[in-house]
Amino acid sequence: MASSATNRGATPRASLADQAYRRLLMAIVRCDLEPGRWISAAELADGLRLGRTPTHGALVRLESDGFVSRMKRRGWNILPLTLAGVADVFEAYRITAPELAARVARNATDAQLRHLRVLHERWGPGTPPDDAKLAVESAPFTYYTQICGNPVFSKAIQGVSLHFERVMNFALLQGAFTDASYISASASIHEAFATRDERRARALQWTLIEIGDREVTRLLSGMQSLRTAPLVDSASAD
Amino acid sequence: MSGSSNSAAKKTPTSGAGSKADSAYEQLRHLIVECDLAPGVWVTVAALSERLGVGRAPTYEALMRLEMDGFGHPVKRRGWQVAPLTLQQAAYILDVARFTAVEVIALVVRNASDADLRRQRQLGESWFGTRVVRDTEAADGVRLCVDHRPFEHMLQVCGNPIVATMARGVLGHYERVMNFALMHGSFVGTRTRDAREALLTAIENRDAAEAQRALGALMDVAEHEIMRLLTQTESLRETPLVTGPPEVHIGE
């Protein structure tokens, strides 16, 4: 068999696996599939209507991304948010995001910066839990990684950013981020971007992470059982 | 990007097909980072699967993952091209690699066990050592030294799996650029000797700030060398390495 035939034959399968991966990833990052939940590959395949092979492939990829783990006879587990796990996420974001902020201030176009601001404001904070489901769909953190002007950086930070986004979405859905200092710092960072002030953008990004870390840690510490922490009622209502 | 030790530990015996693809991925990634599969070279699934001794399906899956990592891409009817190294691409990589490595070394110094730190020092020494020797040695000498992979070890002992996964993507590209530069006759000169000694000592003494400073200084020198080399190289897209294995070229 010629290699071109192999490629042609495999393309549709690849794109189905890709679709399954993207949809599952989004569901996890948005906490539609909430942290700690157990699922079976068959159940997911039915839900996605994508067949078991691409769904299984997607789950394997998500496992290596650190979003799910599998256990014999129990199926797949959406990784719960533990204090230790969240600390790793914040540490990784603290290393990368201030550098990202500086490059966004330097390289993003004015239109991109305006769009980022719209997405970020739509996301929250201060969003009432009822609207939070819609808010998480604006995904400002993902867009943020894409406008830094360095594709190698965008790709590298993608995974960290998705973990961070999941944690932040989780907190938002629990009604965290009513903190006034977060709101004022996020307004300031957009001003720093608009004025191309790299140093200020870097510093404000650091501040935002500190506030986020504090809020999320407080939230998780307050929960009795982190492993099985359910989302607020509105999550399962629709 | 399944390199982090914690995800590997969770692998179950049921993942037989997955582990074949995993192993194909690791082997191919290694070949690309070492520039054994040179930048810009064309390969086919058939030739690679034969070379690795695995089936086409896992080879194909491995290539898809490498594409996601930015190490290459498929082109219709031509096969798969290992990502060429352009000046622009190198600039992107160096921009991210410096702060990433400097942050990771601080984590290593803080989190790694004493035994891990000693190992880190050994790997660093043999890696640098061979590299300085490289100046007068044949390319085979370089082949041996890239196996020491001090960056890979750094990631394994840094203590944060999310940072490790992120940094692995970046530092893999960085290592590839470094290896490429070395094979084209660039070398780490005497200027680096002090910084290198300072780095290894700082690692052993768990002095995070000094380790960061020294590693940053080393990478600055390397960056200067790499950019000088790439600026001189006329056509980077097509530059084959002298040692590039002929069997992987397209046209079979």
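**View 1. The second largest cavity of the predicted model has a volume of about 150 Å³.** A cavity is a set of points on a 1 Å grid over the protein atoms alone where a 1.4 Å probe fits but cannot get out, and lining residues have an atom within 4 Å of a point; the volume is the space filled by probe spheres set on the points, which are joined across faces, edges and corners. Of the 15 lining residues, the closest to the centre are A:His120, A:Phe141, A:Tyr144, A:Gln205 and A:Leu208. The largest share of this lining, 4 residues, is supplied by H9(A), a helix being a DSSP run (H or I) of at least four residues, numbered from the N terminus.

**View 2. A:Phe141 pairs edge-to-face with A:Trp123, at 5.1 Å centre to centre and 85° between the planes.** Rings of Phe, Tyr and Trp (its six-membered ring) pair if their centres lie within 6.5 Å, and planes over 60 degrees apart count as edge-to-face. Because A:Trp123 lies in helix H5 and A:Phe141 in helix H7 of chain A, the pair ties together parts that are 18 residues apart in sequence. Both A:Trp123 and A:Phe141 are buried, meaning under 20% relative accessible area (1.4 Å probe, protein chains only).

**View 3. A:Phe141 and A:Phe164 form an edge-to-face pair, 5.4 Å centre to centre with 85° between the planes.** A:Phe164 is buried at 3% relative accessibility.

**Notes.** Residues are numbered from 1 along each chain as its sequence is written, with chains lettered from A and ligands numbered from 1 in the order written. In this predicted model local features need pLDDT of at least 70, side-chain atom pairs count only at pLDDT 80 or more, and totals for chains, interfaces and linings use all residues, while side-chain values use heavy atoms, leaving out hydrogens and water.

Methods:
1 Å grid on protein atoms, 1.4 Å probe; cavity = no way out; pocket = protein on both sides within 12 Å on 5 of 7 lines; lining within 4 Å. Helix = DSSP H or I, 4+ residues; strand = E, 2+ residues; numbered from the N terminus. Phe/Tyr/Trp six-rings, centres within 6.5 Å; stacked < 30°, edge-to-face > 60°. Buried < 20%, exposed > 50% of the residue type's maximum accessible area, 1.4 Å probe, protein only.
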